[in-house]
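Please view the sequence and the structure first.

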Amino acid sequence: MEKQMHLASQYLAAAGISFVEKQDDDSHTNLGFNTEKGIMYTRALSDNGDQLILNYNTFSLDWKGVNKTTSISLNGKTHKDVIDWISNSAQKVIGKPYRYAFHYDLPYTISDDFTFELKDANRLNDLLENRTLAYSIIEEFLTINNLKSEIRIWPHHFDTGAFVLFENDSGLSIGLGFTIPDAVAQEHYFYIGGYKGHDAIYTSNFTELSHGHWSNEGFVGAILSISKANKTKGVTFFNEVLSAYLTQN
C-alpha cells in the first residue's frame, strides 16, 4: 500500500507541474494534507480553484471543481485509466493538457497496465494515521516555538516536511519532517537537520536525546522511528534537537 499511495501522489504532482506556475523551490509540485478529511490535495490548478485530491478513506482520486466534485476509485483501475480520467477532467475545466512527466526519478517505474488494488484496507488506515500524527506533531512543534512554515508533502520523497530559516545573524535553518522507509531507516521515521547556509551541522558532540538519536552518516541530523513515537515523544524529540542547535549557534 505504501508503494501504491506514493505512486498515486504522483498524479497530483504532475497536475502541479502541468497547471501551476513553476517555482524555483519546486513548491508548485508539493501537496497539502487535511487531517480531518484524510486527503492530500494540490495547490489551486485554475483561477476557479480546481484541485486534484488523493483520498485515503475512499482510495480514490477526486477532482474538486467550483460547483461539483467528481471521483474515480483507484481500486481495479490501471495507470492508463487514471491518466485518461485526469486528462479528460482537466481538458473540460482548465482547457490545458495534463502531462504525466517529471524532472525527478522515483524508486520504481509504472506502466500503462499497472493496476491499483486495495490489498489491505487496515494498512492503508495505518498509513493515514501515521501521516495524521506526523502533521499534528510538526504543527504543534512549530506553534510552540513560534516558527513559521508551510507543512507540505513533497511527492518525490513522499515526506511531510517543513523548513525554517531563522531571521537573525546565526545563518541557522532547520528542515524537519516525517518520511517513508529508505536507506536511512527501514520504517517510517521523523527527521530534523540543522544547517549553516548550505552546510549540514554535524552532531557528534551533541548530548544524547531522550527520544530518537543523532545521525552523522547518510542523513546528518536526528531521527526518531515511528514505532518509538507518539505525539508527546515526537514534539519532545523536535524540541530537544532544536534546543541543541540553538545552543551550539
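## The second largest pocket

In this predicted model, helix α2 makes the largest contribution to the lining of the second largest pocket, giving five residues. The pocket itself has a volume of about 270 Å³, and its lining holds 14 residues, among which W63, K68, T70, S89 and V93 lie nearest the centre. The elements that each give two or more residues to this lining are β5 (69-73) and α2 (79-93). By residue class, the lining of the second largest pocket divides into four nonpolar, seven polar and three charged residues.

## The largest pocket

The largest pocket has a volume of about 720 Å³. Its lining is made up of 27 residues, and those closest to the centre are W154, H157, D159, G161 and Y191. Two or more residues of the lining come from each of the strands β6 (152-154), β7 (159-165), β8 (172-179) and β9 (189-196), and the largest share, four residues, is that of β7. Sorted by class, the lining of the largest pocket comprises 12 nonpolar, nine polar and six charged residues.

## The enclosed cavity

Rolling a probe the size of a water molecule over the atoms shows where empty space is left. How many cavities of 30 Å³ or more does the structure hold? There is one such cavity, and the volume of the largest cavity is about 70 Å³.

The residues that line the largest cavity are E2, M5, Y56, L127, N130, R131, F158, F178, I180 and H188. Both α1 (2-19) and α3 supply at least two residues of this lining, with α3 giving the most, three residues. The lining of the largest cavity divides into six nonpolar, two polar and two charged residues.

## Helix α3

With 24 residues at 1.5 Å a residue, α3 should span 34 Å, and because its end C-alpha atoms are 35 Å apart, the model agrees with that expectation. Just after the helix, N146 takes a positive phi of about 55°.

The buried residues of α3 are L124, L127, L128, N130, R131, A134, Y135, S136, I137, I138, F141 and L142. As a general point, an α-helix has 3.6 residues a turn, so residues three or four places apart point the same way.

## Helix α4

Helix α4 covers residues 231-248, and its 18 residues, at 1.5 Å each, should span 26 Å; the end C-alpha atoms are 26 Å apart, which agrees. The N-terminal end of α4 is capped by N230, from which a side-chain oxygen lies 3.1 Å from the backbone nitrogen of T232.

Within α4, the buried residues are G234, V235, F237, F238, V241, L242, A244 and Y245. They pack against α3 (121-144), β8, β9, β11 (213-215) and β12 (221-225). Two of these partners, β8 and β9, also give residues to the lining of the largest pocket.

## A buried strand residue

L61 lies in strand β4, which covers residues 60-64, and it counts as buried because its relative accessibility is 0%. Leaving aside residues up to four places away in sequence, L61 touches A8, Y11, L12, I53, L54, T70, S71, I72, L74, V82, W85 and I86. One of these residues, V82, is 21 residues from L61 in sequence, and the two are 8.6 Å apart in space, C-alpha to C-alpha.

## Two loop residues

S46 is placed in the loop between β2 (39-41) and β3 (51-55). Is S46 buried or exposed? With a relative accessibility of 18%, S46 counts as buried, because the cut-off for that class is under 20%. The side chain of S46 makes a polar contact of 2.5 Å with the side chain of D50.

D25 is located in the loop between α1 and β1 (32-34), and its relative accessible area of 51% makes D25 exposed, because that class begins over 50%. The side chains of D25 and S27 are joined by a polar contact of 2.7 Å. D25 and N145 are 120 residues apart in sequence, and their C-alpha atoms are 24 Å apart in space.

Definitions and conventions:
Residues numbered from 1 in each chain as written. Predicted model: local features only at pLDDT ≥ 70, side-chain atom pairs only at ≥ 80, totals over all residues. Heavy atoms only, no water. 1 Å grid on protein atoms, 1.4 Å probe; cavity = no way out; pocket = protein on both sides within 12 Å on 5 of 7 lines; lining within 4 Å. Points joined across faces, edges and corners; volume = space filled by probe spheres on them. Nonpolar A, V, L, I, M, F, W, Y, C, P; charged D, E, K, R; others polar. Expected span 1.5 Å × (residues − 1). Buried < 20%, exposed > 50% of the residue type's maximum accessible area, 1.4 Å probe, protein only. Contact = heavy atoms within 4.5 Å. Polar contact = N/O pair within 3.5 Å; in protein donor to acceptor, adjacent residues only side chain to side chain.
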